[in-house]
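Subject: Structure handover

Hi,

Here is the structure I promised to pass on to you. Could you open it alongside this message as you read?

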Amino acid sequence: MEMAGSLPVPSVQATVAAAGHAPVPPRYLRPEVATDVVVADDGNATTTIPTIDFQRLLLLDPEESARLHGACQDWGFFQLINHGVPEDVMEAMKGSTQAFFALPAEAKQQFRQEAGQLEGYGQLFVVSEDQKLDWADVLYLNTQPPEHRNLRFWPHQPDSFSRTLDTHSAAVKHVADRLLGAMSRNLGLTDRVRLVAGVSGGISLPSMIQSVRMNYYPPCAEAADKVLGFSPHSDSDLLTLVLQVNQIQGLQIRRPGDGAWLPITPLQGAFVVNVGDVLEIFTNGRYRSVEHRAVVNAHTERLSVAAFHSPSIHATVGPLPELLGDQEAPKYKTLDHQSFITLFFSAKLQGKSFLERMKKKHLSD
Ligand code: OGA
Ligand code: NI
């Protein structure tokens, strides 16, 4: 895709390795984070995100389908269990991700991002020399369909990396397709491809695209409560599935209702799934794309693998006419794909929420 790139920044992992107990560079410090309201995740089903059983969805269990619908409407986030991605596939993905980030700095640099591109090893969304930086390194790759891959950026080490990511990404995309199918039924859409194809329609399921972002959050012994691993953001895609690589907590969501940061404790073997901006727009706001962030641990690194699913690059993005019927006014603009990408990046540059800029303020917008 023709996208703006990100300015090069130093590897945080390498900075930590070189620094000993040196103070954290000011570019990473956000003292205001230390005073943010964070609520305890007490595991109570009414105060944290729902858990959805994928097998029960596949059996069209009405109760589970209703819970999925509620999760998308009320939380924009849920944990997915019994998803059918084999344990060995997930374990291999965890192992490959850990092995890649454990390589010597020079080995990883072979796969670094190039100017004007997002894929590769580096960092995303860095647009100015004076913005605050995230305490993380990432490896970002286009994964599905296979013809979208740029193998130039796919690590050769560990030597199983490509095979592992190939298998994992296909299995995760399959789950995402099925989840979108269940959501389509819940929304009363007659055609289950609508959520993938967008307003222009007529495009079959395989055209959904997937990219994978492997996140490495180094420990921050000096100022863990004053840096962020991932700045507050919402995902710009349809649906994101996140695999937690090690059992270190870090993901927090802005709880709908009171706006407090709610830490998510991932269930062993589950995916954390969230609704992205495009799904909020397609559903005219029925499903919510909720802001989230990642905090870092003082003593232990944290790793995650996020798989982003987006409609075909030819899709038109806007509220689905089939959902609106004759009665409901669209809350978001309808844009062709190129205008959508342009708006997305200008919103990033201006530090404004992308969704805000997609909202119609007047009927004539
Ligand atoms: C992301 C994301 C959270 C995490 O990659 O978009 O929100 O837990 N990741 O790493
Ligand atoms: Ni995210």
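Below are my notes, beginning with the ligands and moving on to the strands and some backbone details.

Please keep in mind that this is a predicted model.

**Ligand 1 and its surroundings**

I began with ligand 1. The residues around it are Arg-213, Asn-215, Tyr-217, Phe-230, His-233, Asp-235, Leu-251, His-292, Arg-302, Ser-304, Ala-306 and Phe-308. By type, this shell splits into 5 nonpolar, 4 polar and 3 charged residues. Three strands, E5 (209-217), E6 (230-233) and E12 (302-310), each give the shell at least two residues. E12 has the largest share, with 4 residues.

For Ser-304, a side-chain N or O atom is 2.6 Å from an oxygen atom of ligand 1. For Arg-302 the corresponding distance to an oxygen atom of the ligand is 2.7 Å, and for His-233 it is 3.2 Å. The protein covers 98% of the 290 Å² of accessible area that ligand 1 has on its own.

**The nickel ion**

Which residues coordinate the nickel ion (ligand 2)? The donors are His-233 and His-292, both through NE2, and Asp-235 through OD, at 2.1 to 2.2 Å. Along the sequence, these donor residues follow the spacing H-x1-D-x56-H.

Are His-233 and Asp-235 buried or exposed? His-233 has a relative accessibility of 12%, so it counts as buried. Asp-235 is at 6% and therefore counts as buried as well.

Next, have a look at strand E10, residues 271-275. This strand is mostly covered, with 5 of its 5 residues buried. In a regular strand, side chains alternate between the two faces of the sheet. In E10, Phe-271, Val-273 and Val-275 point one way, while Val-272 and Asn-274 point the other way, and all are buried.

E10 has a pairing with strand E2 (residues 77-81), which is antiparallel and runs over 4 bridges. Within that pairing, Phe-77 has Asn-274 as its bridge partner in E10. Strand E7 (residues 239-244) is also antiparallel to E10, and 5 bridges join them. Here Leu-239 has Val-275 as its bridge partner.

**Backbone details to check**

Most residues other than glycine have a negative phi, and most peptide bonds are trans. The following places depart from that pattern.

- A cis peptide bond links Gln-144 to Pro-145, with omega about -5°. Pro-145 sits in the loop between strand E4 (137-144) and helix H6 (161-187).
- The bond from Gln-157 to Pro-158 is cis too, with omega near -5°. Pro-158 is placed in the loop between E4 and H6.
- Asn-82 is not a glycine, yet has a positive phi of about 50°. You will find Asn-82 in the loop between E2 and helix H4 (87-101), and its 43% relative accessibility makes it partly exposed.
- Asn-284, again not a glycine, has a positive phi of about 50°. Asn-284 is in the loop between helix H8 (277-282) and strand E11 (292-294). With a relative accessible area of 1%, Asn-284 is buried.

Asn-246 belongs to the loop between E7 and strand E8 (251-254). Its relative accessible area is 14%, so Asn-246 is buried. A polar atom of the Asn-246 side chain lies 3.0 Å from the backbone oxygen of Glu-301.

Leu-60 is in the loop between helix H2 (54-58) and helix H3 (62-74). Is Leu-60 buried or exposed? Its relative accessible area is 52%, and the cut-off for exposed is over 50%, so Leu-60 is exposed. From Leu-60 to Thr-265 there are 205 residues in sequence and 27 Å in space, C-alpha to C-alpha.

That is everything I wanted to hand over. Happy browsing, and do write back with any questions.

Best wishes

Notes. Residues are numbered from 1 along each chain as its sequence is written. Chains are lettered from A and ligands numbered from 1 in the order in which they are written. This is a predicted model: local features need pLDDT of at least 70, side-chain atom pairs count only at pLDDT 80 or more; totals for chains, interfaces and linings use all residues. Side-chain values use heavy atoms; hydrogens and water are left out. A residue is near a molecule or strand if one of its heavy atoms lies within 4 Å of it. A polar contact is a pair of N or O atoms within 3.5 Å; within protein, one must be able to donate a hydrogen and the other to accept it, and residues adjacent in sequence count only if both atoms are side-chain atoms. Accessible areas come from the Shrake-Rupley method with a 1.4 Å probe; for residues, only the protein chains shown count as cover. Ala, Val, Leu, Ile, Met, Phe, Trp, Tyr, Cys and Pro count as nonpolar, Asp, Glu, Lys and Arg as charged, and the others, Gly among them, as polar. Donors are N, O and S atoms within 2.8 Å of the metal (3.2 Å for Na, K and Ca); water is not among the atoms, so sites may look incomplete. Buried means under 20% relative accessible area, exposed over 50%, partly exposed in between (1.4 Å probe, protein chains only). Two strands pair if DSSP finds at least two bridges between them.
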